[in-house]
Amino acid sequence: MRQTLIAAALAFGATGAFAAPEAYTLDPSHSQVVFSYNHLGFSTTYGMFSGFEGEIMFDAEDPSASSVNVSMPVMSMFTGWEKREEHFMSDDFFGASEGDMVTFTSTGIEVTGDNTANITGDLTMNGVTKSVVLDTTLNQKADAHPMNNKPWLGFDASTTLLRSDFGVDKFAPYVSDEVEVKISIEAGKGE
C-alpha cells in the first residue's frame with residue numbers, strides 16, 4: 001500500500017519530500033462542464049456551463065490530501081438554442097435567477113492509479129446537495145505553462161447524474177433522467 005501511495009505521489013508530480021498543498025486557481029477560459037442527455041430516444045442533446053470560479057489545493061506528495069472547490073452560475077448554461085435555455089431557467093426546471101450557482105466541494109479523494117483518482121464531493125444544484133463521485137484523470141502538471149510561465153495543472157473528469165436527484169426531472173423518463181457530465185479544467189498558480 002505504501003508503495004502505491006509513493007508511486008501515485010510521483011505520478012502526480014511530487015517535487016519535495018514534505019510538500020504542502022498548493023493553491024491553483026481555475027482558468028475559466030480553458031475550463032468546461034459539458035452535459036448530455038437522451039431526448040425521447042431520437043437524439044442526444046448537449047449543453048455546457050461556463051463562468052467558473054474555484055480553487056484546487058493540490059498536494060503533489062499526497063494527492064489524496066488535495067481538495068477542490070468550484071462554482072459556476074446556473075444562468076451561464078448554453079445549449080445552442082435560446083428557447084431551450086429559457087425553458088431550463090423557468091420553474092419547470094431550475095427556476096433560476098441571477099446569482100444562483102452550481103457548486104462542487106470535494107469531501108475525499110481516492111487515488112486509483114498513476115494519474116487517476118475518484119474525487120467524492122458535495123454537488124449543490126437547484127437548492128439540493130448530493131454526494132457525487134468524479135472519475136478524474138490528471139492530464140498534465142507543468143512547472144511552467146508554455147504561454148504564461150506559471151505552474152499549471154490540467155484535469156478531465158466524468159460522472160453520471162440523475163436529474164430527479166436535483167428536482168429538475170420534468171418530462172422524465174421520456175427525456176432521460178440520466179445526464180452524462182464531462183469536465184475538463186485547467187488551473188494555475190498565481191492567478
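## A loop residue to start from

Phenylalanine 171 lies in the loop between β9 and β10; strands here are DSSP runs of E with at least two residues, helices are runs of H or I with at least four, and both are numbered from the N terminus. This is a predicted model, so local features need pLDDT of at least 70 and side-chain atom pairs count only at pLDDT 80 or more, while totals for chains, interfaces and linings use all residues. Residues are numbered from 1 along each chain as its sequence is written, and side-chain values use heavy atoms, with hydrogens and water left out.

Phenylalanine 171 is partly exposed, at 43% relative accessible area (buried is under 20%, exposed over 50%, partly exposed in between, using a 1.4 Å probe and protein chains only). Its phi is near 75°, a positive value in a residue that isn't glycine. Lysine 170 lies over the face of the phenylalanine 171 ring, 5.5 Å from the ring centre; that label needs NZ of Lys or CZ of Arg within 6 Å of the centre and within 35 degrees of the ring normal.

Proline 173 is found in this loop between β9 and β10 too, and the peptide bond from alanine 172 to proline 173 is cis, with omega near 5°. Most peptide bonds are trans, and most residues other than glycine have a negative phi.

## Ring pairs

How many aromatic pairs does a search of the whole structure find? There are six, where Phe, Tyr and Trp rings (the six-membered one for Trp) pair if their centres lie within 6.5 Å; planes under 30 degrees apart are stacked, over 60 edge-to-face, and the rest tilted. Phenylalanine 35 and phenylalanine 49 make a tilted pair, 5.7 Å centre to centre with 45° between the planes. Phenylalanine 35 sits in strand β2 and phenylalanine 49 in strand β3, so the pair ties together parts 14 residues apart in sequence. Both are buried.

Phenylalanine 93 and phenylalanine 171 are also tilted, at 6.3 Å and 55°. Phenylalanine 93 is in the loop between α2 and β6 and phenylalanine 171 in the one between β9 and β10, so this pair links parts 78 residues apart in sequence. Ring pairs join Tyr37, Phe88, Phe93 and Phe171 into a cluster.

## The nonpolar core

The largest nonpolar core has 42 residues, and Ile56, Phe58 and Phe94 have the most contacts inside it. Such a core is a set of buried Ala, Val, Leu, Ile, Met, Phe, Trp, Tyr and Cys residues joined through side-chain atoms within 4.5 Å. Strand β10 (residues 178-188) gives the most to this core, with five residues.
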